[in-house]
Amino acid sequence: MARLQRLATKEDDLVVVHTPINKEEVADREEQYLLLSDKQFATRYNHMLFLPIEFSWNGKKHQIQYNFCTNPYCKWCGTEQMKFDEVKGKPSRYRLSGSGRKKSIICNPDPVESGKGITLNCNSMAVSNWSVADEIARLTRINRTRDVEPDYNFHKDNCFNKTLTPFNELSAFYRQGVTKNNAQVWQCKTCKKKTSLVPNRRQSTTYNQKRNDILPLFAKLLVNKNSISRTCKILEIGVSTYYKKLEWLYQCCLEFLERHETKAFSNKSFREVFINTDKMQYNLNNVRKKGQAGKKYAGIEDNQVQTYVVVSADALSRYVFRADVAYDWEVTLEEIKHDTLLYKEDHLNNFSKKNNRLDFSYYPQEPSPYDNQSEIEYKSELNSFNRRTQYVDGLHVNSTYTTMAHYWLIKQMVQADEWRMISDNDSSIISAFFRVFSKEIRLTNAHHFINIVDKAKPSKKGLEEYEYGNSELLEWGHYKEYKTKNLYRLGFLFLKEQFKTHKFYKEMQVGGNTYKVHACNPIAHPLATRDKGFHEVDCTTDLSSLEPTDIAKMVINITDNSTSSFINQIRRSLSILERPIVTARGDGKSYIYANLNPKYAQYALTILRTYYNFCEPQKTSNSKKLTPAQRMGITDKQYTLKDIIYIR
């Protein structure tokens with residue numbers, strides 16, 4: 001029988017990241033910290049750049065190493081660092097470049113000219129593999145629940161049968177009926193102590209929940225843009241109760257997703273998946289902690305901090321795979337200080353740091369004897385760090401790291417032979433995709449498309465282009481004597497004609513050989529939309545081995561409607577994530593409804609994603625109303641909020 005669940009914590013070790021630094025290196029860092037300048041110290045430990053990080057997840061060991069070339073047209077794309085010992089000078093595939101702590105890896109020419117292709121002197125930003133693994137652990141943890149394991153005491157202190165329990169010696173106990181939650185009550189035959197068991201999921205889905213009758217209405221108000229204060233008035237509850245109910249509903253959604261999403265995807269495979277990824281930005285209200293009042297703390301709330309949400313959805317069914325807030329509310333500044341003192345992270349290059357994913361990756365230390373940092377620079381850093389302690393707990397995460405972990409987890413969840421990625425021209429999204437799917441890109445099983453939209457275009461202009469584009473496409477089909485009037489079919493046929501001559505790449509001559517490079521040559525998509533009008537499509541990966549028909553089949557499906565639809569739903573449905581409103585004076589924007597802690601934004605997003613995927617039907621091309629989960633093929637029914645709350 002399934003037990004009651006609780007939210008996972010760090011102590012559960014769902015993902016165990018194996019520390020890549022042994023005790024000898026820790027001791028060496030302690031010694032060298034006082035003997036070397038900060039630059040010399042960082043260089044000494046540059047071996048972390050290409051060091052694979054190992055971690056355990058779901059009973060299996062995984063390794064990641066994402067520092068390599070990310071240009072699909074380059075010969076070194078997705079290949080590990082290598083030293084050519086047989087060549088004079090012993091050159092390597094990559095060299096390190098850049099000033100300060102931020103470094104890039106540059107592709108060197110192939111010294112032995114082996115195989116096909118050419119190196120393109122590419123510049124790829126170096127990342128911390130350790131930090132990527134930690135972000136994977138974080139995203140796994142916040143989306144999982146664990147069984148509640150109560151610690152029972154079935155006997156009084158002076159009972160001589162203390163070692164006996166109803167689980168190992170049933171004859172030593174009486175049955176004393178059940179509680180209001182249908183859980184069994186046991187009584188020791190010797191000391192007469194009565195003990196109530198914690199109910200299982202079938203016996204009670206609302207154990208320890210007062211006012212559980214309000215949960216369905218609470219959920220409806222949440223996903224229909226009711227503010228916190230208004231919800232509290234309607235339900236006659238306090239703010240603390242509101243957040244407890246929010247956490248409970250979040251836990252219900254995680255349990256529901258474990259049964260109806262994770263298990264469903266594990267039993268289903270896809271030939272081809274179109275993933276559309278976009279980032280949403282909102283401003284977090286920074287509020288002083290309790291006890292931080294007074295004139296010397298004035299003005300803290302004026303600093304609005306940008307917080308990012310990474311959203312990925314299936315472009316065809318609009319099923320939202322993940323929606324992750326780039327914020328770690330579990331990390332503490334004390335942990336940052338401990339890691340800095342232990343690993344000397346203030347003197348390391350960014351790619352060597354454990355906490356490089358965080359906006360405060362180390363605790364400022366007093367300049368060492370040979371440090372190049374001045375006392376003024378140190379005090380400025382320390383003041384910034386101390387000021388951050390007055391804000392809400394947790395730290396913002398670099399969205400590139402969140403996106404890499406986001407893609408890694410989608411790749412583990414969805415079983416697909418071929419991957420098609422759609423995004424705007426966001427370098428952090430593109431870089432994350434090229435790193436996580438590097439093997440598939442080299443095997444030409446993954447391709448990336450850029451959806452280019454003019455966001456400044458007025459909606460009226462978009463509607464005009466939509467009507468004009470449809471009429472032009474129908475006229476073209478009539479001219480070509482195609483019998484169909486289906487716009488999707490005509491769009492495919494139009495693209496098929498175009499790709500007989502149109503190329504996303506260009507050819508270059510080097511040493512008598514011809515090589516391909518990305519041409520930045522987008523093509524106009526034949527199907528305009530009502531709100532955006534015409535848009536263009538570019539491809540950053542090599543499609544030269546495919547026929548025009550195959551390319552047209554992919555490009556006709558390139559659109560950002562799936563993420564745009566969900567992000568608009570976020571803005572319209574969740575009051576804490578709505579767009580800023582204009583102040584009464586009209587002299588600026590107000591973020592009055594923005595939440596104080598991104599943890600609750602993650603809770604609300606997961607609840608909305610579950611409701612959106614499994615409960616909200618949308619019209620399909622054949623006018624049938626189906627939920628995204630039904631269209632994705634992982635369920636055959638439409639669920640309700642009660643199904644989610646009561647784990648049906």
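**Close-up views of a predicted model**

**View 1. Threonine 559 is buried, with a relative accessible area of 16%.** In this predicted model, threonine 559 counts as buried because its relative accessible area of 16% falls under the cut-off of 20%. Threonine 559 lies in the loop that runs between helix 14 (548-555) and helix 15 (561-573), and its side chain reaches the backbone nitrogen of asparagine 561 at 3.2 Å. When neighbours within four places in sequence are left aside, the residues in contact with threonine 559 are Asn276, Ala315, Ile422 and Asn451.

**View 2. Helix 7 (residues 333-343) is shown with its buried residues, which are Leu333, Ile336, Asp339, Thr340 and Tyr343.** These residues lie on the same side of helix 7, because they cover an arc of only 120° around the axis. Among the elements that cover the buried residues of helix 7 are helix 1 (23-32), helix 3 (129-141), helix 8 (375-388) and strand 16 (395-396). After helix 7 comes lysine 344, which has a positive phi, near 60°.

**View 3. Helix 12 (residues 459-479) and helix 13 (residues 487-498) cross at roughly 70°, with axes that come within 10 Å.** Because of this angle, helix 12 is roughly perpendicular to helix 13, and the crossing of the two helices is left-handed. On the side of helix 12, the residues that take part in the meeting are Asn470, Leu473, Leu474, Trp476 and Gly477, while helix 13 contributes Leu487, Leu490, Gly491, Leu493, Phe494 and Glu497.

Notes
Residues numbered from 1 in each chain as written. Predicted model: local features only at pLDDT ≥ 70, side-chain atom pairs only at ≥ 80, totals over all residues. Heavy atoms only, no water. Helix = DSSP H or I, 4+ residues; strand = E, 2+ residues; numbered from the N terminus. Buried < 20%, exposed > 50% of the residue type's maximum accessible area, 1.4 Å probe, protein only. Polar contact = N/O pair within 3.5 Å; in protein donor to acceptor, adjacent residues only side chain to side chain. Contact = heavy atoms within 4.5 Å. Arc of directions from axis to C-beta. Axes fitted to C-alpha atoms, helices over the stretch in contact; angles between N-to-C directions. Parallel < 35°, antiparallel > 145°, perpendicular 65-115°, else oblique. Left-handed = near helix turned anticlockwise from the far one by under 90°.
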